[in-house]
Every structure is written in structure tokens, then in C-alpha cells.
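Please read it alongside the coordinates.

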Amino acid sequence: MTLPVGFLVELDRHTRIVDDGRALVGGFPTRLIRLTPRAQQHLTGRTLRVRDAASSLLADRLLDLGMAHPVVASLPPPTDPRCTVVVPVRDRPRQLARLLGSVGGNHPVIVVDDASSDPKAVAAVTAEHGATLVALTTNLGPAGARNAGLRLVTTPFVVFADSDIVLAPDTVPILLRHFADPAVAMAVPRITGLPSPAPTWIERYENARSSLDLGAHPAGVRPGSPVSWASTACVVARVDSLADGFDERMRVGEDVDLCWRLIEQGRRLRYEPTAEAAHEHRARLDDWLLRKAVYGTGAQPLAERHPRFIAPAVFAPWSAALLTALLAQRRWSVPVAGAVLVGVTLRIRHKVDGIQHPHQLAVRLTANGALAALAQASALFNRHWWPLTVVGCVASRRVRRAAAVAALADIALEYRRDRAPLDPVRYGVARRLDDLAYGAGVWLSALKGRSTAALRPRITLTPSRRACAALARYHSAGGVRRDA
């Protein structure tokens with residue numbers, strides 16, 4: 001599958017043009033890519049338009065590496081944009097009516113009633129909006145309900161929308177443009193909070209920090225990247241790419257499983273924040289905590305199906321050594337950590353030799369790697385391993401210090417980034433409750449599955465080392481060769 005002529009991509013905001021345009025640094029994991037003179041000609045500033053086979057191959061590779069993203073506004077809609085909206089619902093007729101009103105009459109709609117306690121109310125709303133009703137007599141869960149609707153879809157595309165979602169008029173048209181790339185199987189919008197006249201403090205936190213909101217920047221959905229999964233609370237997908245549908249054995253995490261199965265099949269998933277859908281966030285504290293814990297219980301089933309993708313943290317050997325030295329909190333900790341950083345910097349400096357200012361690039365890459373390691377360690381302390389953290393705090397003063405630093409630094413950094421409409425104290429309380437509830441769900445799933453797979457971090461070859469040791473070069477023969 002090749003990108004069509006006219007397809008436009010733009011470099012990711014983290015991708016740097018270095019060495020006077022002769023190289024690019026970026027992607028996930030970070031890579032250095034050297035460009036030949038012919039390849040350089042395909043770039044215009046930070047954009048690249050597909051004009052021939054060579055530019056198509058280069059653009060395709062940049063998309064694969066996460067170094068560039070499609071400019072969705074420049075992409076044409078599919079030649080056959082017909083799509084069917086599938087809505088799984090159990091009760092909630094008020095929310096269903098609101099969603100169907102936002103869909104309008106442009107697409108056929110299939111409402112799957114997943115064994116509601118009051119099926120007549122759901123049927124009345126469905127009939128009022130002219131939708132097709134599929135009434136299940138047994139509750140199958142979101143995966144089974146979506147599959148029941150998917151089996152009736154005859155259009156090239158399907159839109160899955162949960163009943164507590166509200167679609168904007170341009171949500172589906174924008175997402176459909178991503179299918180100009182024949183490798184794209186699914187595209188998802190940014191899911192924001194539905195405006196409320198008097199939001200509770202939990203709603204305000206969720207509006208800034210919802211698990212469903214994947215941020216303000218476009219991204220490819222891929223494990224190990226900033227957007228490692230996407231919710232199917234609202235999604236547009238190619239029907240022919242969903243032959244296996246959702247795994248009906250999963251009551252939670254079925255959307256993550258579907259995403260990762262598609263990725264394992266070599267398909268692309270795109271996250272597009274210029275397309276938005278509003279979600280009715282939970283307003284009550286008990287309801288919100290329960291939902292967070294339920295999300296966590298999906299960890300172990302996902303670990304069984306996708307062991308390569310589920311690790312709560314991934315460390316390079318050098319970053320693991322750095323963290324070990326710092327957590328030891330001994331007199332030798334800072335000198336050893338400094339020695340590790342110097343060694344990594346020198347190694348990267350050697351790998352990027354030949355470009356301008358290699359020392360600056362090596363220092364920057366090392367610093368980014370160290371910050372990422374610290375952020376992951378903080379997440380382990382606060383979120384995935386918090387029961388162990390509590391036990392450690394009882395037994396060790398060093399663990400108490402490390403836990404306090406991790407918790408306070410996390411709140412300070414995330415509060416500044418999220419700009420939540422909350423005071424720092426309530427934001428900090430919500431942040432910790434969020435982590436406690438989700439972590440509790442992860443531990444419950446691990447105990448139920450009698451496995452620690454979802455709790456074990458993974459130590460792997462450092463991204464910087466792998467990236468710099470495997471320099472992908474673009475040459476005049478056709479644009480690219482695979483990483484060496």
C-alpha cells in the first residue's frame with residue numbers, strides 16, 4: 001500500500017531538522033535519520049508532499065516512525081464516504097436521544113440495546129430518530145453489543161459511538177479524510193468533556209485530565225509512543241479491517257485489545273485532535289473512582305493477549321542503572337548517576353558523529369531519556385506499584401523520601417501542564433485518587449489472573465542507542481532502506 005500523489009505530511013513537533021537539513025531526529029523511539037540530497041528536496045520547510053514513488057516511500061517511513069503526521073485538512077474525503085453509526089447502549093435513554101440528535105440524518109444508525117432494564121424507553125428513542133434497533137436479550141457487554149451492530153453494517157466505514165458521546169457536525173467528515181492513507185484502519189477524535197452548567201470538582205479534573213482525552217497534538221496510535229492506545233467510545237474504522245471484531249470475552253479493555261491487534265497486523269491508527277467528540281464525564285466521586293478501578297482491571301487480560309505491549313514502564317539498561325543509583329540515596333548516588341549520564345552522552349556523541357554540533361544533540365537526547373526514566377519511575381511509585389510504595393514507606397525512610405518527591409513533583413508538573421480549573425490542593429487530591437483507584441484495579445486483575453505480567457517493567461535496548469546505531473538512510477534509488 002502506497003500513499004497517493006498529493007498526500008501531505010508535516011513533521012511532528014518533536015522532530016528536529018539538524019545538520020542544515022541533512023538529518024532528522026525524532027520519532028518513538030528516538031532515531032537519527034540522514035537524508036541524501038535527493039531526499040532533502042522532498043522536504044519544504046517541515047512538510048513533505050507525495051509526488052512520486054520516492055517521496056511516497058519517504059513520507060510512509062516518517063509516518064511509521066512517528067516523525068510526521070498527515071495534514072488532515074489537505075486530504076481528500078474517501079471516494080465512497082458512506083458510513084453507518086453503531087451505538088451500544090444499556091438504558092440511558094436521555095443520553096441516547098442526545099447522541100442521536102447530534103448524528104442527524106446523514107448516516108444510517110444501528111442502536112444495539114444490550115439487555116436494558118427498560119427496553120421500551122430505548123426502543124421509543126430509537127424509533128423517534130428513525131434508527132434501526134437490535135435488542136439483545138442477554139447482556140453481552142460493550143464488545144458483544146458493538147459486534148452485533150457491526151454484523152449488520154453494509155457501508156465501507158463504521159462509526160462506533162457510545163451513548164454518552166455527543167458528535168460535532170465535522171467529527172466524522174474530518175476523520176474520514178485520514179483514510180486517504182490506505183494503511184489506516186481506524187481514526188479517533190479528541191474526546192473532551194461535555195459542558196456542564198455547574199461542574200463538580202471531579203468533573204473539572206476530568207475535563208483537564210480525562211483518560212479518554214489523548215491531548216492536543218495529532219499522533220499515530222502505537223505502544224511505546226505518547227498515544228499508545230485509543231478508546232472506541234468514538235471511532236471511525238474501515239469495516240473490512242474489523243473482520244475479527246471485538247473480543248467478546250473482555251468486558252473492559254476490549255478497545256485497547258482491538259487497537260493493538262490492528263497494529264500487530266501492520267495497520268495504522270490515527271489520533272486526530274482537530275476532530276472532537278464530547279463525553280459526559282462522571283460527576284460523583286464514588287462513581288468516578290469505580291470507573292477508574294474498572295479501567296485498571298483490564299491490565300491482566302491485556303497482558304495475556306499482548307505481553308510485549310503491556311509493561312507499565314520500559315527502561316533502557318542505562319536508565320535503570322541511573323534510577324537505581326538515585327533511589328539508593330547514598331553518598332555515591334550522585335557521582336554514579338553523573339557517570340552514567342556522561343557515559344551515555346559520550347556513546348551517543350560517537351553514534352551521531354558527522355553532523356553539526358554532535359555534543360549538543362547528544363546532551364539533549366541524554367537529558368530527554370533521563371527525564372523520561374524519572375517520569376516512568378514516578379508513575380510506578382504513584383500508580384502501578386502504590387501498594388508496594390505504602391509498605392516501603394512503613395519500613396524505610398528512603399522510600400518515604402522517594403515517594404514524597406515523586407508524588408509532589410508529579411502534581412506540580414502536571415498541574416502546570418493541564419491548567420485544570422481547580423486549585424492545586426483539590427487537583428493534587430484528585431490526581432492521587434486517580435492513581436490509587438486505577439492501581440487498585442491493576443492489582444485486583446493481577447491477583448485474579450495469578451500473574452504479575454501487568455506489573456513488571458521491562459528493560460530493553462535503550463531507544464537512543466538503538467536509534468543512533470541503526471541510521472536509516474534515504475538514497476536516490478528509491479528513497480529508503482530499512483534500519484540496518
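Is alanine 313 buried or exposed, by relative accessibility?

1. Basis. This is a predicted model, in which local features need pLDDT of at least 70, side-chain atom pairs count only at pLDDT 80 or more, and totals for chains, interfaces and linings use all residues. Residues are numbered from 1 along each chain as its sequence is written, and side-chain values use heavy atoms, with hydrogens and water left out.

2. Alanine 313. Its relative accessibility is 1%, so alanine 313 counts as buried (under 20% relative accessible area; exposed is over 50%, partly exposed in between; 1.4 Å probe, protein chains only). Alanine 313 sits in the loop between α10 (299-305) and β17 (314-315); helices (H or I, at least four residues) and strands (E, at least two) are DSSP runs, numbered from the N terminus. Leaving aside residues up to four places away in sequence, alanine 313 touches Gln376, Leu380, Pro457 and Arg458, where contact means heavy atoms within 4.5 Å. Leucine 455 is 142 residues from alanine 313 in sequence, yet the C-alpha to C-alpha distance is 8.8 Å.

3. Second largest pocket. A pocket here is an open set of points on a 1 Å grid over the protein atoms alone, where a 1.4 Å probe fits, with protein on both sides within 12 Å along at least five of seven lines; lining residues have an atom within 4 Å of a point. The second largest pocket holds about 320 Å³, the volume being the space filled by probe spheres set on the points, which are joined across faces, edges and corners. Its lining has 16 residues, with Leu327, Ala377, Leu380, Phe381 and Trp385 nearest the centre. Two or more lining residues come from each of α11 (317-328), α13 (358-384), α14 (386-395) and α15 (397-418). The largest share, four residues, is from α11. By class, the lining has twelve nonpolar residues, three polar and one charged (nonpolar: Ala, Val, Leu, Ile, Met, Phe, Trp, Tyr, Cys and Pro; charged: Asp, Glu, Lys and Arg; polar: the others, Gly among them).

4. α13 and α16. The axes of α13 and helix α16 (residues 424-449) come within 7 Å and cross at roughly 75°. Axes are lines fitted to C-alpha atoms, for helices over the stretch in contact, and angles run from 0 to 180 degrees between N-to-C directions. The two helices are therefore roughly perpendicular (65 to 115 degrees; under 35 is roughly parallel, over 145 roughly antiparallel, the rest oblique). Asn382, Arg383 and His384 of α13 meet Arg432, Asp434, Asp435, Tyr438, Gly439 and Trp443 of α16. This contact divides into two nonpolar, three polar and four charged residues.
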